[in-house]
Amino acid sequence: MKDNIIVKKNDFLKFGYTLSLMEQRLLLACIAQVDSRISLDMNKQFEISVQEIKDLFAPDSKKHLYRDLKEACDRLFERRIVARTSNKITKLRWVWKVEYEDNTAIIKINFSPDVIPYLSDITERFTKYKLGDVKDFKCVHSLRLYELFAQFQSTGTRELYIDELRQLLDIGDKYLIFSELKRSVIDKAINEINK
């Protein structure tokens with residue numbers, strides 16, 4: 001699965017959202033199963049086992065993975081994506097259905113109808129990368145910055161205003177002083193990406 005490709009429309013990368021590391025991993029494992037070239041049915045359910053998550057993202061993990069994934073499923077159901085324009089704020093949900101089967105340790109996810117168009121039937125203006133490229137990230141913001149950089153891989157440069165970055169990372173009132181933002185978010189994520 002680590003060779004699977006993650007594909008998202010570029011417009012989707014303009015949205016702001018906050019996800020825990022485990023929620024990101026869970027979503028990535030499901031997005032990696034999407035064939036971005038064809039239309040995705042709203043009722044399509046994606047399955048991933050806890051063992052597959054462990055093998056891909058946390059092979060050395062021995063404690064609490066089952067509990068952490070179950071909690072991630074619960075939180076993911078409540079998570080929102082924020083799309084901002086000059087005169088409107090729209091809030092979307094990542095998923096409309098999440099199931100966690102205790103006896104089989106299988107997680108099932110249905111992406112929300114609002115998210116599906118950004119993951120499927122994609123023919124132009126998209127960003128793609130291998131799941132294996134981001135599987136070892138431990139910093140919550142590393143994946144988001146990686147995607148934002150990958151979007152401009154062909155040009156080799158990307159400029160973001162601080163306010164825009166704050167919005168994309170959905171960090172609200174955290175790290176109001178730039179040196180805090182740089183130390184706690186930017187430098188940490190860039191160091192991890194470079195490794």
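## Pockets

A pocket is an open set of grid points with protein on both sides within 12 Å along at least five of seven lines. In this predicted model, the second largest pocket holds about 220 Å³ of space. Its lining is made up of Ile5, Ile6, Val7, Ile31, Val34, Asp35, Ser36, Arg37, Leu119, Ile122, Phe126 and Lys128. Strand 1 (5-9) and strand 8 (126-130) each contribute at least two residues to this lining, and strand 1 gives the most, with three. Sorted by class, the residues around the second largest pocket are eight nonpolar, one polar and three charged.

Of the 19 residues that line the largest pocket, Tyr17, Thr18, Leu19, Val140 and Leu169 lie nearest its centre. Helix 1 (21-31) and helix 5 (142-150) are the elements that give two or more residues to the lining of the largest pocket. Helix 1 gives the most, with four residues. Eleven nonpolar, four polar and four charged residues make up the lining of the largest pocket.

Across the whole structure, a search finds one cavity of 30 Å³ or more. About 50 Å³ of space lies in this largest cavity. The residues that line the largest cavity are Leu21, Gln24, Arg25, Leu28, Phe57, Val134, Lys135, Phe137 and Leu143. By class, six of these lining residues are nonpolar, one is polar and two are charged.

## Helix 1

Among the residues that line the largest cavity are Leu21, Gln24, Arg25 and Leu28. Residues three or four places apart in an α-helix point the same way, because such a helix has 3.6 residues a turn.

How many of the eleven residues of helix 1 are buried? Eleven of the eleven are buried, so helix 1 is largely enclosed by the rest of the structure. The buried residues include the charged residues Glu23 and Arg25, together with Leu21, Met22, Gln24, Leu26, Leu27, Leu28, Ala29, Cys30 and Ile31. Ile31 is also one of the residues that line the second largest pocket.

## Aromatic pairs

Nine aromatic pairs are found in a search of the whole structure. One of them joins Phe12 and Phe15 in an edge-to-face arrangement, with 5.6 Å from centre to centre and 75 degrees between the planes. Phe12 and Phe15 are both buried. Phe12 also forms an aromatic pair with Tyr118, and this pair is tilted, at 5.3 Å centre to centre and 35 degrees between the planes. The pair of Phe12 and Tyr118 links distant parts of the chain, 106 residues apart. Phe12 is in the loop between strand 1 and strand 2 (16-17), whereas Tyr118 is in the loop between strand 7 (106-111) and strand 8.

Why does Phe12 count as buried? Its relative accessibility is 0%, and buried means under 20% relative accessible area. Ring pairs link Phe12, Phe15, Tyr17, Trp94 and Tyr118 into a cluster. Tyr17, a member of this cluster, is also among the residues that lie nearest the centre of the largest pocket.

## Side-chain contacts

Thr127 is located in strand 8. With a relative accessible area of 4%, Thr127 is buried. The side chains of Thr127 and Asn10 are joined by a polar contact of 2.5 Å.

A contact of another kind involves a charge and a ring. Lys44 lies over the face of Phe46, at 5.2 Å from the ring centre.

## Backbone with positive phi

Most residues other than glycine have a negative phi. Asp121 has a positive phi, near 55 degrees, and is not a glycine. Asp121 lies in the loop between strand 7 and strand 8, the loop that also holds Tyr118. Asp121 is partly exposed, with a relative accessible area of 42%.

Asp170 likewise has a positive phi, of about 50 degrees, although it is not a glycine. Asp170 is placed in the loop between helix 6 (162-169) and helix 7 (178-194). Is Asp170 buried or exposed? At 18% relative accessibility, Asp170 counts as buried, since the limit for buried is under 20%.

Conventions
Residues numbered from 1 in each chain as written. Predicted model: local features only at pLDDT ≥ 70, side-chain atom pairs only at ≥ 80, totals over all residues. Heavy atoms only, no water. 1 Å grid on protein atoms, 1.4 Å probe; cavity = no way out; pocket = protein on both sides within 12 Å on 5 of 7 lines; lining within 4 Å. Points joined across faces, edges and corners; volume = space filled by probe spheres on them. Phe/Tyr/Trp six-rings, centres within 6.5 Å; stacked < 30°, edge-to-face > 60°. Buried < 20%, exposed > 50% of the residue type's maximum accessible area, 1.4 Å probe, protein only. Lys NZ or Arg CZ within 6 Å of the ring centre and 35° of its normal. Polar contact = N/O pair within 3.5 Å; in protein donor to acceptor, adjacent residues only side chain to side chain.
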